[in-house]
Amino acid sequence: MNNKSKLTLQTILLSAALALILTGCSDDEPKQQASKAHNPWDHSHEAEVTDIQKHVFEHEFAAECVDREVKNSINKDNDRKRFAKPCMCVATFMMKDLTAIEAEKFLKEKKTTQSLRIRFESAAYHCLQEKEQPKSPQLFNRR
């Protein structure tokens, strides 16, 4: 046999062995129940976040939001009252899709994940920008 034939034979044997090994590896986990809809975009393979963790996250995030907003304020007491409601709205909106990893990083490690930052932008839009803006004053009966 020439070298080219040996190389081709080795490649075929190696490919067949890999195919057998890979097909022999199977999932030991049972298949999803038919009653559950399969969502191909759902990659959450982690534990659920408890209601207590969500509640703690909501209040800690809202408090941190208010602190951040009044950091450079002159009248901190008035501004705390003014920012309390929008910050709680943002925290509640973010809490709805909170994952266990995000909760742990925020509550225990005091870190903010990139996904929380993205969700914050969406929540801020939902809570602040979507609201109907008050009408501007009419000066000199102009419309």
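This is a predicted model: local features need pLDDT of at least 70, side-chain atom pairs count only at pLDDT 80 or more; totals for chains, interfaces and linings use all residues.
**Exercise 1.** Decide whether arginine 82 and aspartate 79 form a salt bridge, and find where the two residues lie.

*Solution.* 
- Step 1: Start with the general idea. Side chains of opposite charge can pair when their charged atoms come close.
- Step 2: Recall the cut-off, which is a nitrogen of Lys or Arg within 4 Å of a carboxyl oxygen of Asp or Glu.
- Step 3: The closest N and O atoms of arginine 82 and aspartate 79 are 3.4 Å apart, and the pair forms a salt bridge.
- Step 4: Now place the residues. Both sit in helix H3 (residues 76–95), 3 residues apart, about one turn of the helix.

**Exercise 2.** Classify arginine 82 and aspartate 79 as buried, partly exposed or exposed.

*Solution.* 
- Step 1: Under 20% relative accessible area is buried, and over 50% is exposed.
- Step 2: Arginine 82 has 52%, so this residue is exposed.
- Step 3: Aspartate 79 has 16%, so this residue is buried.

**Exercise 3.** Work out which helices are tied together by the salt bridge of arginine 119 and glutamate 102.

*Solution.* 
- Step 1: The two side chains meet with 3.0 Å from N to O.
- Step 2: Arginine 119 belongs to helix H5 (residues 114–129) and glutamate 102 to helix H4 (residues 100–107), so the bridge ties together parts that are 17 residues apart in sequence.

**Exercise 4.** Describe the 2 disulfides and how their cysteines pair.

*Solution.* 
- Step 1: In the disulfide of cysteine 65 and cysteine 87, the sulfur atoms are 2.1 Å apart.
- Step 2: The torsion about this S-S bond is about -60 degrees, so the disulfide is left-handed.
- Step 3: Cysteine 65 is in helix H2 (residues 51–69) and cysteine 87 in helix H3, 22 residues apart.
- Step 4: Cysteine 89 and cysteine 127 form a disulfide with sulfur atoms 2.0 Å apart. The link of cysteine 89 and cysteine 127 is left-handed, with -80 degrees about the S-S bond.
- Step 5: This pair links helix H3, which holds cysteine 89, to helix H5, which holds cysteine 127, across 38 residues.
- Step 6: Number the bonded cysteines in sequence order, and the pairing reads 1-2, 3-4.

Note on methods. Residues are numbered from 1 along each chain as its sequence is written. Side-chain values use heavy atoms; hydrogens and water are left out. Helices (H or I, at least four residues) and strands (E, at least two) are DSSP runs, numbered from the N terminus. Buried means under 20% relative accessible area, exposed over 50%, partly exposed in between (1.4 Å probe, protein chains only). A disulfide is a pair of cysteine sulfur atoms within 2.5 Å.
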